[in-house]
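Subject: Structure for you to look at

Hello,

Here is the structure I promised to pass on. Please open it beside this note and follow along.

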Amino acid sequence: QYVIPLVSVFVIVVGAMLTVRGCKLSLHVAFAVYAAGLLWPLGVATVGAGCLFAGIVAWSRLRLSRHRPRDLVAGTAAGGLAASGYWLTLQGLQASP
């Protein structure tokens with residue numbers, strides 16, 4: 001039950017490490033988007049609130065000059081892919097006998 005989230009987090013961190021030379025992937029944004037994606041069972045409004053929070057985090061990282069826009073896009077993509085992977089893996093495990 002706890003393995004899938006741990007693997008998802010591991011994938012985000014390894015992705016950040018692998019892209020560090022070309023892009024400083026925002027882990028703050030990646031984990032905010034990932035958390036928003038994990039809220040899916042609570043409804044679209046809750047996911048929307050999570051995405052709003054992730055947007056505020058992204059804005060703050062840009063405003064503080066910690067990241068460039070491409071870093072925030074990369075973080076958003078990493079978090080979104082990790083959340084999608086989480087739900088697809090969980091769905092696949094529940095479908096198997």
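This is a predicted model: local features need pLDDT of at least 70, side-chain atom pairs count only at pLDDT 80 or more; totals for chains, interfaces and linings use all residues.

Where does Asp 71 lie? Asp 71 is part of helix H4. What does Asp 71 contact, once neighbours within four places in sequence are left aside? The list is Cys 23, Lys 24, Leu 25 and Ser 26.

Asp 71 also has a charged partner. Its side chain meets that of Arg 70 in a salt bridge, at 3.8 Å from N to O. The cut-off for buried is under 20% relative accessible area, so Asp 71 at 5% falls within it. How many salt bridges does a search of the whole structure find? The search finds 1.

Now the overall fold. The protein has 4 helices and 0 strands. Along the sequence, the pattern reads α-α-α-α. The radius of gyration is 14 Å, close to the 13 Å that the globule rule gives for 97 residues, so the protein is as compact as a globular protein of that length. Along the principal axes, the C-alpha atoms fill a box of roughly 50 × 30 × 15 Å.

Some totals for your notes:

- Buried residues make up 30% of the 97 in the protein.
- Among contacts with a separation of 6 or more, 69% join residues 24 or more positions apart.
- The accessible surface is about 6500 Å², and carbon and sulfur atoms account for 72% of that.

Next, the interior. In soluble globular proteins, nonpolar side chains tend to be buried together. Here the largest nonpolar core has 10 residues: Ile 4, Ile 12, Ala 16, Leu 25, Ala 30, Tyr 34, Ala 78, Ala 82, Ala 83 and Tyr 86. At least two residues of this core come from each of H1, helix H2 (27–38) and helix H4 (69–95). Which helix gives the largest share? That is H4, with 4 residues. Apart from this core lies another, of 7 residues, including Val 29, Ala 32, Val 57 and Ala 58.

Not counting residues up to four places away in sequence, Ala 30 touches Ile 12, Leu 25, Gly 75, Ala 78 and Gly 79.

Then the outside. Val 3, Val 7, Phe 10 and Val 11 make a nonpolar surface patch of about 400 Å². Phe 10 sits in helix H1 (residues 3–18). Is Phe 10 buried or exposed? Phe 10 is exposed, at 56% relative accessible area. The cut-off for exposed is over 50%.

One backbone detail to finish. Most residues other than glycine have a negative phi. Ser 65 has a positive phi, near 60 degrees. Where is Ser 65? Ser 65 is in the loop between helix H3 (44–63) and H4. Ser 65 is also exposed, with a relative accessible area of 61%.

Best wishes

How values were computed. Residues are numbered from 1 along each chain as its sequence is written. Side-chain values use heavy atoms; hydrogens and water are left out. Patches are made of residues with over 30% relative accessible area and no salt bridge: like charges are joined within 9 Å, nonpolar side chains (Val, Leu, Ile, Met, Phe, Trp, Tyr) within 5 Å. Accessible areas come from the Shrake-Rupley method with a 1.4 Å probe; for residues, only the protein chains shown count as cover. A salt bridge is a side-chain nitrogen of Lys or Arg within 4 Å of a carboxyl oxygen of Asp or Glu. Buried means under 20% relative accessible area, exposed over 50%, partly exposed in between (1.4 Å probe, protein chains only). The radius of gyration is taken over C-alpha atoms; the globule rule is 2.2 Å times the number of residues to the power 0.38. Contact means heavy atoms within 4.5 Å. A nonpolar core is a set of buried Ala, Val, Leu, Ile, Met, Phe, Trp, Tyr and Cys residues joined through side-chain atoms within 4.5 Å.
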